[in-house]
Structures are given as structure tokens and as C-alpha cells.
Amino acid sequence: DGVEAEYPETLKPLLEDVPCVWKPTTDVTLNPKFHTWLEAQLDRGIRTLVVGGCTTTSCVRVSSQAILQAYSQKGLQVVVDRSLCGARDEN
């Protein structure tokens, strides 16, 4: 999704089979392909989504809350792993 995005050569072997959904705003749920991917995971029986990202107080917060609001009634748990997150000192 984001065809203009490319992985650095050193990371390609680690990430080429990992699903990636382009997020043009602070909310990943605004991309319809995210819902397609997440629905497929739910159909496989997955009920926990671990979220991480660059800005805990912005994208991670907005996306995790939107995902929880949209999918909690389907039994999805959303976990923000703080070790996978970052933030600026002033946030």
C-alpha cells in the first residue's frame, strides 16, 4: 500500500513478508486496507493487536483508540507496547 515506500536493503530480508499499511494521517483506520487486513486477522481467530509507533502521544494514541472503538465489540484487545513507541521529550 504506499508504493512509494521502500525498505532499506539491510531491512528487506526482515520486513518483506511483514504486512504494512500506509497511514497518511494520525489514524490508521482511515485507510480501508487496514480494515481488510484486520478483518482477515479476526477471521483467523486473532484477538489481540499490539500497536507501536513513532509518536506515542499522537499516532499511536489516535490509532489505538480508533481501532478499539471500531473492533472491541468483535472481541479485539488493543495493546500499546510502550517499548515499541517513542515520543519527543516535550510531549
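Author: The lining of the largest pocket comprises 17 nonpolar residues, five polar and one charged. Here Ala, Val, Leu, Ile, Met, Phe, Trp, Tyr, Cys and Pro count as nonpolar, Asp, Glu, Lys and Arg as charged, and the others, including Gly, as polar. The model is predicted, with local features requiring pLDDT of at least 70 and side-chain atom pairs pLDDT 80 or more, while totals for chains, interfaces and linings use all residues. Residues are numbered from 1 along each chain as its sequence is written, and side-chain values use heavy atoms, without hydrogens or water.

Reader: What is the volume of the largest pocket, and which residues are closest to its centre?

Author: A pocket is an open set of points on a 1 Å grid where a 1.4 Å probe fits, with protein on both sides within 12 Å along at least five of seven lines; lining residues have an atom within 4 Å of a point. In this model the largest pocket has a volume of about 640 Å³, the space filled by probe spheres set on the points. Its lining has 23 residues, and Pro-19, Val-21, Val-28, Val-51 and Gly-52 are the closest to the centre.

Reader: Which element gives the most to that lining?

Author: Strand E1 does, with five residues. Helix H2 (32–43), strand E1 (48–53) and helix H3 (56–71) each contribute at least two. These elements are DSSP runs numbered from the N terminus (helices H or I, at least four residues; strands E, at least two).

Reader: Which residues make up the largest nonpolar core?

Author: In soluble globular proteins, nonpolar side chains tend to be buried together. A core is a set of buried Ala, Val, Leu, Ile, Met, Phe, Trp, Tyr and Cys residues joined through side-chain atoms within 4.5 Å. The largest one here has 12 residues: Val-28, Phe-34, Leu-38, Leu-42, Leu-49, Val-51, Val-60, Ile-67, Tyr-71, Leu-76, Val-78 and Cys-85. H2, E1, H3 and strand E2 (77–85) each give two or more residues to this core. Cys-85 touches (heavy atoms within 4.5 Å) Val-51, Gly-52, Gly-53, Thr-56, Val-60 and Val-80, leaving out residues up to four places away in sequence.

Reader: Is Thr-29 buried or exposed?

Author: Buried means under 20% relative accessible area, exposed over 50%, and partly exposed in between (1.4 Å probe, protein chains only). Thr-29 lies in the loop between helix H1 (12–15) and H2, and counts as buried because its relative accessible area is 13%. Beyond four places in sequence, Thr-29 touches Phe-34, His-35, Ala-66 and Ile-67. Gln-41, in helix H2, is likewise buried, at 11%.

Reader: Which side chain makes a polar contact with that of Gln-41?

Author: A polar contact is a pair of N or O atoms within 3.5 Å, one able to donate a hydrogen and the other to accept it; residues adjacent in sequence count only if both atoms are side-chain atoms. The side chain of Gln-41 pairs with that of Arg-44 at 2.6 Å, and a 2.6 Å polar contact joins the side chains of Thr-29 and Asp-27.

Reader: Where does Lys-74 lie, and which residues does it contact?

Author: Lys-74 is in the loop between H3 and E2. Its relative accessibility is 39%, so Lys-74 counts as partly exposed. Apart from neighbours within four places in sequence, Lys-74 contacts Glu-39, Leu-42 and Arg-47. Its side chain makes a polar contact with the side chain of Glu-39 at 2.8 Å.

Reader: Is Ser-83 buried or exposed?

Author: Ser-83, in strand E2, is exposed because its relative accessible area is 64%. Its side chain makes a polar contact of 2.6 Å with that of Asp-81.
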